[in-house]
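Hi everyone, thanks for coming. Let me put the structure up, and then I'll walk you through it.

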Amino acid sequence: MQTENTFLAVENLSKSYKSDGPPVFDGINFNIERGEFVCIIGHSGCGKTTILNVLAGLEDATTGYAYMLGREIKGPSLDRGVVFQGHALMPWMTVLQNVCFAVKSKYPDWNREKIATHSKKYLEMVGLVNAENKKPSELSGGMKQRVGIARAFAIEPKMLLLDEPFGALDALTRGVIQDELLKICSETAQTVFMITHDVDEAILLSDKIMLMSNGPNARIAEIVVNTLPKDRKRANLHHDPMYYPMRNHLVDFLVNRSKDLQAKGASGGLDGYQPVIVRPGVDESHTH
Ligand SMILES: Nc1ncnc2c1ncn2[C@@H]1O[C@H](COP(=O)(O)OP(=O)(O)OP(=O)(O)O)[C@@H](O)[C@H]1O
């Protein structure tokens, strides 16, 4: 439930694209606290992007509400930076102009030089300073994605909404940007909601992981607390004693438990369902 200090609150969200037939998801309730990094995992089509679009203010839910800092989310805002799976860059602008354009919208009082310096800092972060004068058509898919990431970070939003932002990147670049994201988040206490299909990425980055059951009538089935220590490093993640209990728990959900819940939902057995909070490796009864 929403309290005075709740950063983001989602209450009873559902979405139907068709007037007949069951909703894609239903009864979605969760909170995100300030500075929390939350990942959402679930099979394709369960509605993760739709939920992210509602949080971004780009789509309306059929029922329910989303609040950020106590105000209902209605329409997009520069308080929320979004990175989509597609790159959504302006094709007639250079890489630098794409980032500067967003920075100028956020900070209209800044002069040209300040905007450019600020934008270049974020292009450097994603390894694109040498491409700042290129147009999107001259970039690879991974490079375009990195521009999108730099642009979202550069507006220093209160909340980052990331829809599989690293999916198109090669492993090396992905690792570098994951490390950067971890660094920025710990330095700035950035609040993040991120969709990923990669359980290792979720274990590396998140404070908690929401697991969605399969649609239709998809739910947040479990809220998994990340039991690995906060100072995680990609290189030694798998040496942590909590790593395998955590990983096995997530994979087992995707392979088995998500389908069991779907069957229950189809027979109307999920009315009033509340997600289970699980600490893999700590609450052994929930660890499979
Ligand atoms: N604009 C739309 N009109 C009709 N149906 C839609 C629309 N957008 C999404 N859907 C349907 O809603 C369901 C959820 O879609 P959504 O993209 O939110 O899922 P997802 O979990 O993010 O999937 P993926 O992991 O494949 O990206 C899907 O069945 C999809 O076909």
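**Around the ligand**

Let's begin with the ligand's shell: by class, the residues around the ligand are three nonpolar, six polar and one charged. Here Ala, Val, Leu, Ile, Met, Phe, Trp, Tyr, Cys and Pro count as nonpolar, Asp, Glu, Lys and Arg as charged, and the others, Gly among them, as polar. Among the shell residues are Tyr-17, Val-24, Lys-48 and Thr-49, where near means a C-beta atom, placed from the backbone, within 6 Å of the molecule.

A word on what you're seeing: this is a predicted model, in which local features need pLDDT of at least 70, side-chain atom pairs count only at pLDDT 80 or more, and totals for chains, interfaces and linings use all residues. Residues are numbered from 1 along each chain as its sequence is written.

How confident is the predictor? The chain's mean pLDDT, a per-residue confidence from 0 to 100, is 89, and 94% of its residues reach 70 or more. The model scores ipTM 0.96 and pTM 0.91.

Now the sheet. Pairing here takes at least two DSSP bridges; E3 and E8 (residues 191–195) run parallel and are joined by four. One of the residues involved is Cys-39, whose bridge partner in E8 is Met-194.

Terms used. pLDDT is the predictor's confidence in each residue, from 0 to 100. Helices (H or I, at least four residues) and strands (E, at least two) are DSSP runs, numbered from the N terminus.
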